[in-house]
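Have the model open as you read.

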Amino acid sequence: MRREFTANALIPHGHHQNWDLIEEIIRELERLTDQWQGAETEITIKGKRDLYGSYGTLIDAKVGLGDDHRDVTEVDISRIERDGDESDMYASVTLSKNQKDTSWVFASGPVKRDCEGLVRTLQNFILQAINFPDFVRMHSGGGDGIESRLQHLHSAVKSGALARLASGHGDEAVEEACKSVGARLRRLSGLDDDGASLVTNALGGRRLIQINDGVSKTDASEQEGYMHLGVALFRAARNPRAHRPSDPNFNTDEVIEWLSVASALHRALDRAKGLPPTR
């Protein structure tokens, strides 16, 4: 049964006009929903004296506004998966200026856990982007080298990791990378497990997710190796961080090394074969 979830996050007055912030939210929204086949990003802008319009991209929105500096009162960013005349999954972020100066994040879809996680992640991302604006400069190449150290990472890991490392949340960067691997394993295998159990059942035994053709001992060894790599990621990286307070004095090198493990698993899944159809 389809369920819907909502969450609220405080947005200081005027941040709805921060184009750098909006661009980062769009990138994070697309990263979180990149498993949605055929998804589209839409932007709607509203303002004083009926200044409004629908735009397919942020560039179109900027061009549409042109030199008109009238106050923008609301920006809606939506990520929608199209399926015929219906939309199976839908996520939306609204930056609005109202009496409470609030922004809300909305998501709907068939899997409760995925929707709740998406809402929480976007909510935290928006607040971190506002409280730690330096991360925007790091995205644009003006940081202290963190961005260059993350360039090798898979896209499913990189953008979320950069934002969290820039805002001083190394443990959260590792946890989010683990979540991205888990979400992809569930989608590709059709399982509803989590953690080491999910990895073992998806990559071992019946090989619900096949990293290679599985016709030689080398193939079998590689498949088993990625299974153990995934188990190590969840047991040694995610689990300790999920059961302790976040460490503000985290070891950056260690964090990046675990992010690289998650990235390696994503690249293996990029070439996975013989996957069962998802429903």
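## How α9 and α10 cross

The crossing of α9 and α10 is left-handed (the near helix is turned anticlockwise from the far one by less than a right angle). In this predicted model, the axes of α9 (residues 217-242) and α10 (residues 252-270) come within 10 Å and cross at roughly 140 degrees. Axes are lines fitted to C-alpha atoms over the stretch in contact, with angles running from 0 to 180 degrees between N-to-C directions; helices are DSSP runs of H or I, at least four residues.

The contact (heavy atoms within 4.5 Å) includes Tyr 226, Leu 229 and Arg 241 of α9, and Glu 254, Trp 258 and Val 261 of α10. Its residues divide into twelve nonpolar, one polar and two charged, where Asp, Glu, Lys and Arg count as charged, Ala, Val, Leu, Ile, Met, Phe, Trp, Tyr, Cys and Pro as nonpolar, and the others as polar.

## Salt bridges around the pair

Glu 254 and Arg 241 meet in a salt bridge (3.8 Å, N to O), that is, a side-chain nitrogen of Lys or Arg within 4 Å of a carboxyl oxygen of Asp or Glu. Arg 241 is buried at 5% relative accessible area, while Glu 254 is partly exposed at 35% (buried is under 20%, exposed over 50%, partly exposed in between, with a 1.4 Å probe and protein chains only).

## Notes on the model

Residues are numbered from 1 along each chain as its sequence is written, and side-chain values use heavy atoms, without hydrogens or water. Local features need pLDDT of at least 70 and side-chain atom pairs count only at pLDDT 80 or more, whereas totals for chains, interfaces and linings use all residues.

Terms used
Helices (H or I, at least four residues) and strands (E, at least two) are DSSP runs, numbered from the N terminus.
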